[in-house]
Amino acid sequence: MQQSIQINLKRMKNFLGFSKSFLIRKNPIKVFSKEFVTMLKNFFSMNKKRKMVKYRLNYQLYKLNQMEKLIAQNNDHAFLRGNKFNEMR
């Protein structure tokens, strides 16, 4: 009886030692705080990122419209001129 209690206490001590070592290596509080700070940075910079994406999208649309105009002007086929080019796309 006493031997089984000693074995169980030894196992519990080993388990607590392993748990302590794990918590020191992979500190979950530090990880959580780091991820929380990263989330806050992303949240507060979301508007800036949205503006950049909007700018890039508008620039690409501008370039696309320029290409469409050039294609329509330089094409011999009359059906490609104007808005009918958008319908073909």
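Is Phe44 buried or exposed? I will come back to that after a few words on the model as a whole.

This is a predicted model. The mean pLDDT of the protein is 87, with 84% of the residues at 70 or more. Where pLDDT is low, the predicted coordinates should not be read in detail.

Next, the layout. There are 4 helices and 0 strands, and the order from the N terminus is α-α-α-α. Of the 89 residues in the protein, 6% are buried. The accessible surface comes to about 9000 Å², and carbon and sulfur atoms hold 63% of that.

Helix α1 covers residues 2-25, which is 24 residues. From first C-alpha to last, α1 reaches 35 Å, close to the 34 Å expected at 1.5 Å a residue. The helix is hardly covered, and its count of buried residues is 0.

Now to α2 and the opening question. Phe44 lies in helix α2. Phe44 is exposed, because its relative accessible area is 64% and the cut-off for exposed is over 50%.

Phe44 also belongs to a nonpolar surface patch of about 790 Å². As background, an α-helix has 3.6 residues a turn, so residues three or four places apart point the same way.

Definitions and conventions. Residues numbered from 1 in each chain as written. Predicted model: local features only at pLDDT ≥ 70, side-chain atom pairs only at ≥ 80, totals over all residues. Heavy atoms only, no water. pLDDT = per-residue confidence, 0-100. Helix = DSSP H or I, 4+ residues; strand = E, 2+ residues; numbered from the N terminus. Buried < 20%, exposed > 50% of the residue type's maximum accessible area, 1.4 Å probe, protein only. Areas by Shrake-Rupley, 256 points an atom, 1.4 Å probe, with all protein chains shown as cover. Expected span 1.5 Å × (residues − 1). Patch = residues over 30% accessible without salt bridge, like charges linked within 9 Å, V, L, I, M, F, W, Y side chains within 5 Å. Salt bridge = Lys/Arg side-chain N within 4 Å of Asp/Glu carboxyl O.
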